[in-house]
Amino acid sequence: MPVPVSVFDLFSIGIGPSSSHTVGPMRAAARFVTGLAEDGLLPRVGRVRAELFGSLGATGHGHGSGPAVLLGLLGERPETVDTARAPDVVAGIGAAGRLRLGGRHEIAFSAADDVVLHRRRTLPEHPNGMEFRAWDADGGELRVRTFYSVGGGFVRGPAGPPDGSADGAGPVPSPSPFPFPFHSGADLLATCARTGLPVSGVMRGNERVHRDDTAIDDGLLRIWAVMQDCVRNGCERDGVLPGGLRVRRRAPGLHRWLLAAGRESDPLHVMDWVSLFAMAVNEENASGGRIVTAPTNGAAGIVPAVLHYYRRFVPGADDAGVVRFLLTAGAIGSIIKENASISGAEVGCQGEVGSAAAMAAAGLTEVLGGTPEQVENAAEIAVEHHLGLTCDPVGGLVQIPCIERNAVGAAKAVHAARMALYGDGTHVVSLDKAVKTMRETGADMKVKYKETSRGGLAVNVIEC
């Protein structure tokens, strides 16, 4: 059975604009250099080359994959890289024609020649493939490594387990059995029924294998703090997003409008706030800012938006509720990741926005007093009504339709939670059936609708 995914892998602090195209390549490049250093090969390296295939090659320019690879080769990590300085650092490599591998071994480097994006070639195991090579000063090949960015910032080698952790260790087999293993929604409900625990309690029990309760709470509240910073930054930064589409940041203007006197009389003003929170995050993501992958960057606005809705508008909301929300969301995310995918390049945007909406709906349902059955129902509703959603970013940028799609996904998550709470948790379509349908729909979906920018809006909108 696969190793259960930790909530801290699903919610990792990183950098925009894409978990699979930016965070994953940065982690892969850093792992490649770390491997060279650990095996004593780094001082012998005279040249390195990175080749990106499939969706990475098709939309890598718009997603910042090339700069991410350069930063990873320098030894930078997504969770700690200085997002403000990163563009200048990358520009400096291009200007100097030199790169310091791992921050310590300098080589000649040409970004134009040594980072290659293959728009039409794909490696066999996943649409997001990467190949790294290193040669010595005489041209002798020292090492070749292949990695796959499988969504949400997770990276794996050929037929290997995913690595998505901040420290590079990734999910590892537990030294002791997980007390509450689950691999499906049915497993999760059965465990809740047997133990009397809520979904968050089951997830917490498994997290305790690696961390005590204080570390769990502190870690999740740290994630929440970064989400809050991201929303705040997105509400304050006017201007135009990078990339050439000239997309104007709308969150600051909407924020000012909502703060104006009298808006509370609008019966839908609360949902306007939810839209604002989501758009603020995804405008920050599109500009390469600091965000929380939740569970991907392209869908990073949904969970923060619904969490902000909970904290701002639900009476009695507190930090303990935030922790329960994230634990519950993590449980649903792990089920979807194991049984379908959270990668837009693999199953389309149903795997990104659909997964995030399901996670947010589940978390909100629990903190509003829902039973495990209602939590599962809320997640199923959110997944069901994103099935078939394609990933078709205009210009290969995580802007159109991604930013608005997060706002709509957040609203769907709130509605899914409320619909589930109206009932008693019994329903015809289970979460497992919806997730299975997501996987099958993604398999049937044409490649052009899976983060290649070769279908849908990406070809029907004129880039200006």
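Which residues have the most contacts inside the largest nonpolar core? The points below answer this and then describe selected sites.

1. Basis. This is a predicted model, in which local features need pLDDT of at least 70 and side-chain atom pairs count only at pLDDT 80 or more, while totals for chains, interfaces and linings use all residues. Residues are numbered from 1 along each chain as its sequence is written, and side-chain values use heavy atoms, with hydrogens and water left out.

2. Nonpolar cores. Phe11 and Met227 have the most contacts inside the largest nonpolar core, which has 101 residues. A second, separate core has 37 residues, among them Val81, Ala86, Leu101 and Met130. A nonpolar core is a set of buried Ala, Val, Leu, Ile, Met, Phe, Trp, Tyr and Cys residues joined through side-chain atoms within 4.5 Å. Buried means under 20% relative accessible area, exposed over 50%, and partly exposed in between, with a 1.4 Å probe and protein chains only.

3. Contacts of Met227. Beyond residues up to four places away in sequence, Met227 touches Phe11, Val292, Ala294, Val303, Pro304, Leu307, His308 and Leu326. Contact here means heavy atoms within 4.5 Å.

4. Overall fold. The protein contains 19 helices and nine strands; these are DSSP runs numbered from the N terminus, helices being H or I of at least four residues and strands E of at least two. Of the 464 residues, 58% count as buried. Among contacts with a separation of 6 or more, 75% come from residues 24 or more positions apart.

5. Helix α9. Gly234 belongs to helix α9 (residues 213-236) and counts as buried, at 0% relative accessibility. Leaving aside neighbours within four places in sequence, its contacts are Arg249, Ala251, Pro252, Ala280, Glu283 and Glu284. Arg232 is also found in helix α9, but at 42% relative accessibility Arg232 counts as partly exposed. The C-alpha atoms of Arg232 and Ala280 are separated by 7.7 Å, although these residues are 48 residues apart along the chain.

6. A buried histidine. His386 is found in the loop between α16 (372-384) and α17 (402-422). With a relative accessible area of 5%, His386 is buried. Apart from neighbours within four places in sequence, His386 is in contact with Gln350, Val353, Gly354, Ala357, Gly409 and Lys412.

7. Backbone features to inspect. Most residues other than glycine have a negative phi, and most peptide bonds are trans. A cis peptide bond joins Gly16 and Pro17, with omega about 10 degrees; Pro17 lies in the loop between β1 (12-15) and α2 (19-38). Another cis bond runs from Ala294 to Pro295, with omega near -5 degrees, and Pro295 is in the loop between β9 (290-293) and α12 (302-313).

8. Positive phi values. Glu451, not a glycine, has a positive phi of about 60 degrees and lies in the loop between α18 (431-444) and α19 (457-460). Ser453 is found in the loop between α18 and α19, and its phi is near 60 degrees. Glu451 counts as buried at 3% relative accessibility, and Ser453 counts as buried at 16%.
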